[in-house]
Amino acid sequence: MTGEIKNLDGDKAVAAPADDGGGAAAGAGHGKKGGKNKLSLVPLIFLIFFEVAGGPYGAEPAVQSAGPLFALLGFLIVPFIWAIPESLVTAELSTAMPGNGGFVVWADRAFGPVSGSLMGTWKYVSGAINGAAFPALCADYLARVVPAVADGGARVATIVTFNVALSVLNYTGLSVVGWSAVALGVASLSPFVLMSGIALPKIRPHRWAATAGEKDWKLFFNTLFWNLNYWDSVSTMAGEVEDPGRTFPTALMSSVAMTSLGYLLPLMAATGAVDAPPEQWGNGFFADAAGTIAGDWLKYWIEVGAVLSSIGLYSATLSSAAFQLLGMADLGLLPRVFALRAPIFNTPWVSIVVTSLITLGMSFFSFNNIVAAANFLYSLGMLLEFATFVWLRIKRPEMSRPYRVPMRLPGIVVLCLVPSGFLVFVMAIAGWKVYAISAMFTAAGLGVYYLMKFCKARGFLKFGTVDGEGLMYERHQERGNVVV
């Protein structure tokens with residue numbers, strides 16, 4: 001069997017062997033040998049949940065910066081203008097092109113390999129920085145119980161152990177990661193369900209109308225954005241999902257509902273039952289509120305839940321980032337080594353190791369401006385993603401779309417313009433340091449693209465490129481739904 005491949009600039013190249021053991025074949029990087037390790041609906045819902053939120057931990061600054069009224073309105077309204085549009089776009093494009101790499105593949109199909117590579121750079125850097133925060137956050141929470149973990153060698157050992165253990169978990173396959181996410185999700189959300197129930201007779205609705213005396217709108221909107229983005233991250237693992245045409249839309253909409261309620265109900269319970277000024281609502285205040293509402297036992301449970309949530313968040317982020325590298329290798333944007341699969345578990349072990357090492361290195365740094373730059377880069381990627389969605393509707397109307405957003409082109413444009421306006425606003429309030437760091441990462445991304453192109457032309461590295469349309473045909477054919 002042979003498969004047609006293409007160069008980085010999109011020109012057709014000679015036919016290459018379909019498989020030589022290195023994952024270069026059409027679809028070889030997409031789990032054809034791993035049918036027993038596919039993601040089903042429930043694990044996918046919880047993986048998306050951890051890609052985005054992991055529970056209401058981290059929502060407290062929304063109350064601190066603007067008060068209960070605006071925090072509740074924000075978590076009520078923003079899912080409709082941001083989370084739902086992003087989820088709809090992800091559902092349509094993931095089912096139309098159900099291979100690994102997700103948004104990188106979409107941008108490559110719409111605008112060519114340069115756009116695909118830039119999309120990959122923006123989203124990967126954003127995801128890696130986001131993931132790097134979780135090992136350090138886990139160490140911070142553990143330090144509340146075990147003070148020795150607060151600094152020094154014990155802290156380093158904790159972060160390294162956290163990183164290595166979850167890298168091994170990812171190595172065992174997405175099915176294991178997915179069901180682990182289910183267990184972690186139930187454990188981390190349970191104390192908030194109990195808190196909301198116990199708080200009911202203590203709620204005073206007039207407290208919901210309180211606002212902060214001095215509002216910090218920059219912190220407020222950044223908190224909302226940070227807690228409600230990354231819905232498209234799961235698209236990088238689309239090649240590992242059972243029946244993506246049906247599973248993806250259901251999983252995304254279920255996760256949107258679960259995540260939104262997971263923020264809104266605990267915020268309503270805590271702000272309504274606890275008489276605390278907005279200034280007290282710093283990170284970790286949910287635990288204090290739970291202690292006031294129900295006692296120390298619930299406070300400690302929420303603190304343990306925060307650790308479990310950090311584990312789920314890091315594991316899900318590592319999975320999506322690793323499969324993104326695999327997808328970029330399948331497209332020829334990265335060397336074929338990133339598409340290598342483990343012999344037993346069929347996971348992209350090189351991509352997992354590389355991503356794990358990058359996030360481990362970042363975990364030891366304080367990088368407030370870089371985190372803000374990660375939000376900025378993610379916003380750039382989302383603007384390109386919305387443009388890709390609209391352009392593919394215009395350019396490729398005949399493309400098979402097992403799930404199709406039920407709107408004509410004008411509705412599609414409006415669907416994308418509303419969240420795009422929110423993205424532009426978030427980018428506009430960033431400082432000059434964020435602009436400078438983002439420009440450097442973007443320039444580095446372009447540099448990597450042209451370096452890979454040079455290495456391919458000179459034969460310095462091996463590339464197992466895959467024609468994206470050929471991959472789509474092969475995966476749909478496996479399900480008896482041939483794309484013509």
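Modeller: At 0% relative accessibility, Ala 251 counts as buried, because that word is used for a relative accessible area under 20%, while exposed means over 50% and partly exposed lies in between (1.4 Å probe, protein chains only). Please keep in mind that this is a predicted model, in which local features need pLDDT of at least 70 and side-chain atom pairs count only at pLDDT 80 or more, whereas totals for chains, interfaces and linings use all residues. Residues are numbered from 1 along each chain as its sequence is written, and side-chain values use heavy atoms, with hydrogens and water left out.

Ala 251 has its place in helix H9, which covers residues 244-273; helices (H or I, at least four residues) and strands (E, at least two) are DSSP runs, numbered from the N terminus. If we set aside the neighbours within four places in sequence, Ala 251 is in contact with Leu 41, Leu 44, Ile 45 and Ile 48, where contact means heavy atoms within 4.5 Å. Pro 43 lies 208 residues from Ala 251 in sequence, and yet the two are 9.0 Å apart in space, C-alpha to C-alpha.

Turning to the rings, the structure holds 27 aromatic pairs; rings of Phe, Tyr and Trp (its six-membered ring) pair if their centres lie within 6.5 Å, and planes under 30 degrees apart count as stacked, over 60 as edge-to-face and the rest as tilted. In one of these pairs, the ring centres of Phe 70 and Trp 217 are 5.2 Å apart and the planes stand at 90 degrees, so this pair is edge-to-face. It joins distant parts of the chain, since Phe 70 belongs to helix H3 (residues 68-96) and Trp 217, 147 residues away, to helix H8 (residues 217-227). Phe 70 is partly exposed at a relative accessible area of 27%, and Trp 217 is partly exposed at 35%.

Phe 376 and Tyr 435 form an edge-to-face pair as well, with 5.4 Å from centre to centre and 70 degrees between the planes. Here too distant parts of the chain are linked, with Phe 376 in helix H13 (residues 368-395) and Tyr 435 in helix H15 (residues 432-458), 59 residues apart. Phe 376 is buried, with a relative accessible area of 12%, whereas Tyr 435 is partly exposed, with 34%. Finally, ring pairs link Trp 82, Phe 225, Trp 226, Tyr 230, Tyr 378, Phe 386 and Phe 422 into a cluster.
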